[in-house]
Each structure stands twice: as structure tokens, then as C-alpha cells.
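Please look through the sequence and the structure shown here before reading on.

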Amino acid sequence: MSNILPFSRPTIDEATIAAVADVLRSGWITSGPKAQEFERILSEYFGGRPVRTFNSGTCTMEIALRIAGIGAGDEVITTPISWVATANVIIEVGATPVFADIDPVTRNIDLDKLEAAITPRTKAIIPVYLAGKPVDMDRLYAIAAKHKLRVVEDAAQAIGSSWQGKPIGSFGDFVSFSFQANKNITTCEGGCLVLNNEAEAKLAEKYRLQGVTRSGVDGIDVDVLGGKYNMTDVAAAIGLGQFAQLDAITAQRRKLARHYSKRSARISRRRLAHNCRRKIMKAPTGTCSRSCCRSASPVPSS
Ligand SMILES: Cc1ncc(COP(=O)(O)O)c(C=O)c1O
């Protein structure tokens with residue numbers, strides 16, 4: 001048996017595997033009825049807000065920025081502690097990422113530093129909810145309203161989280177979720193975007209599929225530069241099976257988080273921080289002389 005602790009293991013049940021087999025046998029394997037059903041179920045969960053599914057939780061943020069009209073000359077404030085996708089999408093639309101540092105306790109963006117970073121060029125904010133923990137949502141949206149900024153919530157890790165009893169995604173501006181393999185629920189790769197109204201949802205559909213506005217026997221009309229970001233029915237069938245387990249998966253993740261927090265509280269903060277840095281920097285073993293590393297990688301005495 002391997003003694004490596006995996007970062008995450010998907011929990012795909014037999015019913016989901018059977019549902020995928022049904023889609024594969026159905027003759028319709030790309031975006032179709034399952035993707036639409038998944039969008040309907042997600043929209044219900046998010047209080048009836050429009051939801052569109054995509055093939056990642058990266059393109060969802062890029063498309064939200066495009067719908068908001070963010071581009072060259074604009075600044076978007078975000079956090080330096082995230083997966084690189086969060087900053088990449090800002091550059092992808094031609095805008096400039098501005099990093100506001102984190103709160104050392106939550107590791108999410110510090111809202112005082114965020115407000116201090118606002119300039120006349122700031123057009124949007126992308127907060128990130130690390131490990132599913134939201135920022136102070138009341139304060140975030142008060143800042144956005146005061147400075148007339150759009151918000152693209154990077155809730156990649158936050159389906160199942162809530163703020164004052166309301167699910168993340170059921171309120172706010174754009175809210176982006178990822179269903180990549182290690183996320184709370186998965187479609188192998190995928191994501192969804194919660195939008196504000198049907199006009200935005202229609203535009204999201206165009207960006208999702210080559211900008212096509214009409215497709216008929218007499219040809220097609222294209223009026224925006226779209227990409228190829230649609231979710232397949234195979235992925236949506238997995239998503240539907242996973243969504244049915246959301247409460248159970250969330251409860252299990254909370255249990256594990258409590259377990260790790262309790263166990264890691266016994267390790268001194270200094271040792272944890274140093275070990276982390278050593279692993280992130282990929283320092284060769286045996287090159288560190290600090291006492292906290294000696295047991296793991298002894299340094300030959302000179
Ligand atoms: C905070 C955060 N933002 C964005 C993403 C990107 O999601 P995806 O891999 O579905 O494109 C991830 C995925 O790891 C993430 O953790």
C-alpha cells in the first residue's frame with residue numbers, strides 16, 4: 001500500500017458511473033440535455049440566478065471579465081495567494097492585475113489593503129475564497145458599490161460554502177466555480193458561472209461557443225470573438241451525480257479539516273512555515289542546516 005497521502009481523491013459513486021455509461025450509449029456526448037439539466041439544478045441551488053456551465057473554472061472568470069467590458073488600460077485587484085489562473089485571466093483580457101496582500105489569518109485578500117489599492121483605473125475585484133472560506137461579503141460589496149467596481153468572485157473552491165446562511169453564488173455579482181478534479185464536486189474538468197441576468201447569460205453562451213448567435217441551414221451568424229469552452233454531457237452527467245452528494249462531501253471535508261487542524265496545531269507554527277518554504281522552493285534534501293529539517297534531511301557535519 002502506498003504511504004503517500006494524496007492531496008485529494010474524487011468520490012465518484014456507482015450511480016454516476018452508470019449515468020456516464022448511459023450518456024456514452026445515448027449517441028449525444030457533447031453539450032446537450034445533461035448540460036442543460038445540470039445548469040437548471042445549479043440555478044435552483046443558487047436561488048434561481050442564471051448559471052452557465054463551461055469546461056473550466058478559468059474560462060468562467062475570463063468570460064465574466066469580458067462581459068463586464070474589462071480590457072486594456074483597466075486594473076483588476078486580486079490576491080497574490082491563489083492558483084495562477086486568477087491572475088492569468090486578468091492578463092488574458094488585456095488588463096493589469098494589481099495585488100493586494102492577504103490577511104495572515106484567513107489567507108484571503110485583506111479588504112483594507114484592497115480598498116487602499118483602488119485607483120481611477122480600477123474596474124473590478126477578484127476575491128478568492130481559499131479552501132472555501134469567503135471574505136467578509138458585506139464589506140466586499142460595500143467597497144464595490146462605493147467605488148463602482150464589478151466583482152468576479154473566484155469561488156473555485158467554495159461550492160457548498162455560505163455567508164450568513166446564504167450559499168455562496170446565490171447573491172453578489174459574477175460568481176465563478178471550478179469542478180476540476182480536486183474541487184469540492186468535480187466533472188473531471190469544468191466550471192460554472194453565476195450571472196446577473198439573462199442578457200449576460202446569452203453573452204456568456206456566445207463567448208462559450210465561438211461567438212455564434214444563430215446557426216441554421218442557411219449558415220451561421222457570429223458577432224463576438226468567442227472560444228470553445230462548452231461542458232460535455234459526459235462531464236455534466238458526472239456533475240449531476242456529484243451535486244447530489246454535495247452535502248455529504250462537504251460534511252466529510254469539514255470533518256477532515258477539523259482533523260488536520262487539530263493534528264497540525266501540535267506542530268509549532270515556525271516548523272510548519274519553514275517546512276512549507278523548503279518544499280515550495282524545492283531545496284535539495286540535505287542542504288538545510290536548520291534544526292527543524294535535520295530529522296527529515298540530515299546535513300553532513302563539516
Ligand atoms: C482558486 C482557484 N481559482 C481558479 C482555479 C481554476 O479552475 P480550473 O482548474 O477549473 O480552471 C482553481 C483551480 O485549481 C483555483 O483553485
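## Basis of the report

This is a predicted model, in which local features need pLDDT of at least 70 and side-chain atom pairs count only at pLDDT 80 or more, while totals for chains, interfaces and linings use all residues. Residues are numbered from 1 along each chain as its sequence is written.

## Overall fold

The chain holds 11 helices and 11 strands, taken as DSSP runs numbered from the N terminus (helices: H or I, at least four residues; strands: E, at least two). Of its 302 residues, 35% count as buried, that is, with 20 or more other C-beta atoms within 10 Å of their own, where exposed means 12 or fewer and partly exposed in between, the C-beta atoms being placed from the backbone.

## Shell around the ligand

The ligand is surrounded by 14 residues, the closest being Ser56, Gly57, Thr58, Ala156 and Ser178; a residue is near a molecule if its C-beta atom, placed from the backbone, lies within 6 Å of it. By class, this shell has 4 nonpolar, 9 polar and 1 charged residues, where Ala, Val, Leu, Ile, Met, Phe, Trp, Tyr, Cys and Pro count as nonpolar, Asp, Glu, Lys and Arg as charged, and the others, Gly among them, as polar.

## Two positive phi values

Most residues other than glycine have a negative phi. Arg107, in the loop between β3 (96–99) and α5 (111–116), has a positive phi near 65°, and Arg107 is partly exposed, with 15 other C-beta atoms within 10 Å.

Ala131, placed in the loop between β4 (122–126) and α6 (137–147), has a positive phi near 55°, and Ala131 counts as partly exposed, with 13 C-beta neighbours inside 10 Å.
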